[in-house]
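Welcome! Open your viewer, get ready to select a few residues, and follow along from stop to stop.

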Amino acid sequence: MAVAVSAPTTPAAPPRRVSARHFVRLKLRVMGNNFRGQGWRIALFVAGSLVGLWFAATGFVLFAAPGLSGEGRYALMVAAFGGGVTVLGWLLLPLVFFGVDETLDPARFALLPLPRRTLVTGLFTAALVSVPAVAVLLALLGLVVTAAALGGWSAALVAVVGVLAGLLLCVAAARAVTSAFATMLRSRRVRDLAAVLLALTAALLGPLQLVGVAALRETDWDRLSGVAEVVGWTPFGAPWTAGIDVAEGRVWAAPVKLLITALAIAALLAWWSRSLESAMVGAASAGPAPARRGATGASVAELFPRALGWVRRDRFGALVAREARYWWRDARRRANLITVAVVGIFVPVMVNLGGSGFTVGQGQGFSAPDTSSPVLVSVSMLFVGVLAAVTLANQFGFDGSAYAAHVVAGVPGQQELRARMTAFSIYVLPMLGVVSVVLAVVLGEPGWIGMMVGSLVATYGAGLAVNTFVSVLGAYSLPETSNPFALNSGAGVAKSFLTLLSMLISAVAAVPMVVAAALLGDVWLWLALPVGTAYGLGAALLGAYLAGDVLDRRQPELLATVTPRR
Amino acid sequence: MTAEHPALALRGLAKQFDGKVAVAGVDLAVPAGSFYGLLGPNGAGKTTTLSMAVGLLRPDAGAAWVLGHDVWADPVGAKQLLGVMPDGVRLFDRLSGAELLAYHGLLRGMDPAVVDQRAAELLDVLALGDAGRTLVVDYSAGMKKKIGLACALLHGPRLLVLDEPFEAVDPVSAALIRDILQRYVIGGGTVVFSSHVMEVVERLCSHVAILAAGTIKRVGTLGEVRGDRSLEQVFVEVVGGRTATGEELAWLSR
């Protein structure tokens with residue numbers, strides 16, 4: 001801020017209005033400064049943008065296809081389902097994988113005399129300036145082509161308005177949900193409630209997929225278009241189908257649908273604005289902490305949770321105990337853990353109940369069997385194992401500058417990595433067991449439990465090995481805010497790219513398990529457990545052994561990368 | 001062997017951040033048993049220098065020895081003799097005070113029984129026992145400094161390197177910290193700490209070095225550096241400050 005030092009004569013000049021333009025410029029400036037002198041960051045950003053463009057182009061073709069090919073009867077369906085999935089993605093993906101880009105942290109504005117309305121509009125506008133938002137906009141503009149081809153320029157015009165409103169809806173949904181969820185997780189009392197909320201949100205995936213799968217399997221176009229019509233009247237589909245409605249002659253529907261969208265946006269923004277206030281205040285002070293009394297005689301005994309009574313009282317044990325405590329006490333880690341648990345149980349159940357739907361989605365045609373198969377189960381187990389392991393991809397970033405304690409104490413890298421894997425596995429392995437049992441019960445195939453556990457452990461172990469390397473070489477700092485979903489300025493694209501890459505490598509490392517399931521047949525149901533366990537354990541230990549050496553050599557560099565704002 | 005080697009020796013330590021020189025070749029010899037103050041204005045490179053001296057930040061050039069052990073070639077030997085309290089670095093603050101001390105003790109490979117006994121004593125002396133099971137993240141700034149000091153002292157190091165130990169600490173806690181450090185030096189330990197509070201340095205230190213713009217400007221015993229003037233006068237002269245004329249910021253007064 002340039003303060004007019006030389007103008008003492010006009011102290012009472014009215015402050016100029018702050019508009020959304022300032023927020024956008026601030027965001028661009030922060031992003032630009034972030035790239036300064038960091039070649040790899042620019043490279044990652046460019047790569048991420050290219051991936052975004054590729055998705056945008058694919059989406060554009062998909063959405064424009066009904067119009068270009070003149071197949072008008074698919075237009076409504078493509079718009080309602082494609083658009084609905086987009087909104088759902090914006091709603092859920094930030095929670096599950098990527099976090100939100102907090103280039104402009106609301107807490108930084110707490111002291112400025114800004115009306116909340118200005119703040120919300122400003123932050124909202126700034127949030128629109130991002131690669132995913134632009135990519136989605138480009139993709140959905142395909143709907144405009146469809147509307148124009150089917151209904152001329154008036155339909156196209158409505159479609160443009162609809163798509164723009166839909167984009168606003170997506171961004172507002174992402175912001176509101178993450179902000180509200182972050183506020184809830186911060187309070188320790190309602191964290192259980194938060195877990196339930198996430199479970200419910202993830203469960204939304206279920207009905208949608210079942211409907212889609214059932215419809216696809218029977219290729220019952222009438223029923224499907226009925227569903228599409230219904231979806232079109234919800235906020236998920238309303239903005240996208242308005243243009244199609246005009247093209248198909250239901251002109252009266254367009255304004256109603258746009259109104260539905262506007263109401264949804266307004267509601268989301270109001271919700272966001274409410275949780276924003278607590279985000280701003282909460283970051284400044286968590287309030288006076290009640291002194292928790294307790295005997296402080298045996299410090300060492302206190303460090304070790306009761307469940308870890310069996311761990312030896314040495315350096316390795318201390319590392320395991322501290323990590324185990326942190327996975328629950330640190331809101332950021334807890335959010336990750338809960339997400340893995342919920343997604344890990346829901347996705348395999350959905351995929352396997354949905355049977356062929358998943359393989360159709362993979363572009364393999366309709367050749368998949370009607371019921372679930374060992375191969376399909378193995379594939380879904382692969383997903384769960386990889387998802388669990390990828391949580392560790394930035395394990396040092398969770399610690400931030402506190403990692404300095406390990407550097408000062410000279411903790412050996414291999415021991416450190418083994419301890420971190422052990423502590424995380426204390427939470428994850430029982431969870432993987434639950435996933436297997438639940439899935440076996442749901443599918444009615446108790447004989448498959450051994451194979452499921454084997455595949456899970458193998459994938460998880462291979463994933464640990466890969467992510468250990470990623471965590472040592474590709475660590476990044478997390479901002480010290482209380483929002484567990486916050487990412488550092490402008491780093492969002494780069495980081496999601498890195499996450500996807502490590503998931504991909506982990507998945508490739510575990511492919512032998514799927515191949516074995518496909519080739520070996522029934523023998524595999526018995527062999528999978530011992531072979532998978534050995535494979536996973538071996539991979540994890542090998543990963544810790546190799547990455548530990550790397551860690552020993554670059555401890556100070558790692559500390560520098562995970563320390564926020566050097 | 002400790003008699004022949006200085007407690008901390010730095011030679012030609014240099015560091016640049018993105019082409020901007022933070023530390024431009026620092027040489028320093030801290031005699032064993034001394035109470036050494038590293039003075040400098042904000043941004044002089046104090047934290048950078050100390051971070052390189054204790055192995056937290058890899059220097060572009062130069063070397064550091066702790067009691068004869070090269071910090072970068074023989075980190076294990078050097079780090080055993082060293083206790084560090086960095087500034088602006090978080091602790092593992094989701095642990096309670098007692099848990100944090102136990103963690104640090106075990107990380108250092110200490111015997112659990114010894115850890116228990118020393119931790120209880122440190123918590124008692126530093127008046128942190130009342131906090132009970134409160135997490136360190138909920139401690140006040142002064143309490144955080146004290147628990148940080150306790151972590152650095154727990155394994156009985158021969159050299160203590162403290163970055164801004166008196167920053168944001170109330171007078172009562174500051175007196176307590178001073179007292180503990182003085183006893184530590186009398187007991188044969190060596191303390192190196194950075195500060196820009198002149199009174200504390202004048203009261204405590206046997207040796208002083210003034211760092212400005214990444215280089216050592218004055219170094220020696222407290223008497224040598226300050227001569228017959230006050231340390232503050234020497235410091236302002238070396239660093240080169242500007243004094244307000246009363247013309248600027250006129251709009252602040254109504």
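Select residues 20-35 of chain A for H1 and 39-68 for H2: their axes come within 8 Å and cross at roughly 125°. Axes are lines fitted to C-alpha atoms, for helices over the stretch in contact, with angles from 0 to 180 degrees between N-to-C directions. Helices are DSSP runs (H or I, at least four residues), numbered from the N terminus.

Now show the side chains of A:Met31, A:Asn34 and A:Phe35 on H1(A), and of A:Arg41, A:Ile42 and A:Phe45 on H2(A), which make the contact (heavy atoms within 4.5 Å). This contact divides into 4 nonpolar, 1 polar and 1 charged residues.

This is a predicted model, where local features need pLDDT of at least 70, side-chain atom pairs count only at pLDDT 80 or more, and totals for chains, interfaces and linings use all residues. Residues are numbered from 1 along each chain as its sequence is written, chains are lettered from A and ligands numbered from 1 in the order in which they are written, and side-chain values use heavy atoms, leaving out hydrogens and water.

Next, select H22(A) and residues 555-562, helix H23 of chain A: their axes come within 5 Å and cross at roughly 80°. H22(A) is therefore roughly perpendicular to H23(A). Where do they meet? Look at A:Leu551, A:Asp552 and A:Arg553 in H22(A), against A:Gln555, A:Glu557 and A:Leu558 in H23(A).

How values were computed. Helix = DSSP H or I, 4+ residues; strand = E, 2+ residues; numbered from the N terminus. Parallel < 35°, antiparallel > 145°, perpendicular 65-115°, else oblique. Nonpolar A, V, L, I, M, F, W, Y, C, P; charged D, E, K, R; others polar.
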